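Visitor: I would like to learn how to read a model like this one, feature by feature. Could you walk me through it?

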Amino acid sequence: MALWRIRATVEDRPGYLSVLTASLALRGVNILAVQVHTTEVGAVDDFLVDAPDQLTEADLRAAVERGRGRDCWVARSEARGLADQPTRVLGLATRLARDPEAAGEALRALLGADSVAWRPAPAGPLGGVGATTMLLADPSGGSYELRRREPSFTPAEYARAQALVELAATVARRDADRVTLVLPDSAEVLVRPATADDLPGVLELHETCSARSRQRRYLSGAARPSPARLRRLLEPARGLTLVATADSDGEAEPVVALANLLGEGDEAEVALLVRDDWQRRGLGSALLRRLLGHAERVGYAAVLLHVHAENTPMLRAVRRLDRPTSVDRDGSVLTVTVPLRARRAEVPRPADAAVRRSP
């Protein structure tokens, strides 16, 4: 027996697929897996089959045509083709999580493309898929052009490939935001975007912070936020949350600061929580600068900070930004507005902390 891949267009009408499978069965062909790609001209069925050794490519084509299939493509397959499509895609996603620069190789493996090239020109709002070419938008800029002589690309393959490219861009952006801050006292902390997996560390941060620090952060008392609220803060629908972790002699690195940028309309609110023993060391100022840099890059018009009037460390950090600000007072709470210049640029290097890219 030999493994083959067969792709053919079948009328999307009741009974037509069974006619095709019956035609293959009459020749001793065993269907191991099938994928259905819906198109405007019919359902494109992609089969992985086990066929008797004496059957040739021409025999299989003839069997498909007798089963009312058209636009038939037949090619030998390998044992790795036995892995189902979700398993293959998950494997490629894992590879991209480790190395987002391997997007081109992942696309080639996913689609069996003859060539994959990155172009600086954008793909346009909708990209494009043709019989032998596919154009994918790279969220980081530019586009990927894929070519495959046969079989023809399908809209389903285009959707899979675009999702893979967007995953690679997301991982690349996350890696780019990971930096090691060297504070003025030479202490080092790793700053990175938060994920839901940081919830235990963030809960511990709130446990170890003083009631005063928690009150300055949340304004409405020293009670600890619920896990559900913290989970929403870690991965906001709009904005960015950063965590800072410190080296702990080989043990799990504790979260020593949490910085939130929460967007609403064309403005965003910023709030910081720094563990008491890490305050007054430049960490809060460095996190504030990074959040403002992100807010400028994505195009927010202004950033707001709600601060107790007695919170002199936070007000001092705002003054260190050396930016124009306006202040409104409501009782004991100040609202500080920092206008932004919308731009696309690297995050400015803080004056009070050195930045080093993490390996």
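Guide: We will take a few features in turn, each with the general idea and then a case.

Guide: Some ground rules come first. This is a predicted model, in which local features need pLDDT of at least 70 and side-chain atom pairs count only at pLDDT 80 or more, while totals for chains, interfaces and linings use all residues. Residues are numbered from 1 along each chain as its sequence is written, and side-chain values use heavy atoms, with hydrogens and water left out.

Visitor: Let's begin with a single residue. Is Ser213 buried or exposed?

Guide: Buried means under 20% relative accessible area, exposed means over 50%, and partly exposed is in between (1.4 Å probe, protein chains only). Ser213 has 10% relative accessibility, so it counts as buried. Its place is helix α7, residues 211-218; helices (H or I, at least four residues) and strands (E, at least two) are DSSP runs, numbered from the N terminus.

Visitor: Which residues does Ser213 touch?

Guide: Contact means heavy atoms within 4.5 Å. Not counting residues up to four places away in sequence, Ser213 touches Leu273, Val274, Asp276 and Gln279. With Asp276 there is also a side-chain polar contact of 3.2 Å. A polar contact is a pair of N or O atoms within 3.5 Å; within protein, one must be able to donate a hydrogen and the other to accept it, and residues adjacent in sequence count only if both atoms are side-chain atoms.

Visitor: Now strands, please. Which strands does β10 pair with?

Guide: Two strands pair if DSSP finds at least two bridges between them. Strand β9 (residues 179-182) pairs with β10 in the antiparallel sense over 4 bridges, and Val179 stands opposite Val191 of β10. Strand β11 (residues 239-246) also pairs with β10 in the antiparallel sense, over 5 bridges; there, Val189 has Ala246 as its bridge partner. As for burial, 5 of the 6 residues of β10 (residues 188-193) are buried, so the strand is largely enclosed by the rest of the structure.

Visitor: How do I read the order of strands in the sheet that contains β5?

Guide: The 4 strands form an open, antiparallel sheet in the order β5-β8-β7-β6. Its edge strands, β5 (115-119) and β6 (128-129), each pair on one side only. Between β6 and β7 (residues 133-137) there are 2 bridges, and Gly128 has Leu135 as its bridge partner in β7.

Visitor: Which residues of helix α10 are buried?

Guide: In α10 (residues 312-320) they are Met314, Leu315, Ala317 and Val318. Seen down the helix axis, these buried residues fall within an arc of 155°, so they line one face of α10; the arc is that of the directions from the helix axis to the C-beta atoms. Their cover includes β13 (267-274), α9, β14 (302-308) and β16 (333-339).

Visitor: What about backbone angles that stand out?

Guide: Most residues other than glycine have a negative phi, and most peptide bonds are trans. Asp322 lies in the loop between α10 and β15 (326-330) and is exposed, with a relative accessible area of 71%. In the hairpin of β9 and β10, Ser186 has a positive phi near 75°. For the peptide bond, look at Glu150 to Pro151, which is cis with omega near -5°; Pro151 is in the loop between β8 (143-147) and α5 (155-176).

Visitor: Where does the charged end of Arg68 sit?

Guide: A charge sits over a ring if NZ of Lys or CZ of Arg is within 6 Å of the ring centre and within 35 degrees of the ring normal. The charged end of Arg68 sits over the ring of Tyr16, 5.1 Å from its centre. Arg68 also has a positive phi, near 70°. Likewise, the charged end of Arg281 sits over the ring of Trp278, 4.1 Å from its centre.
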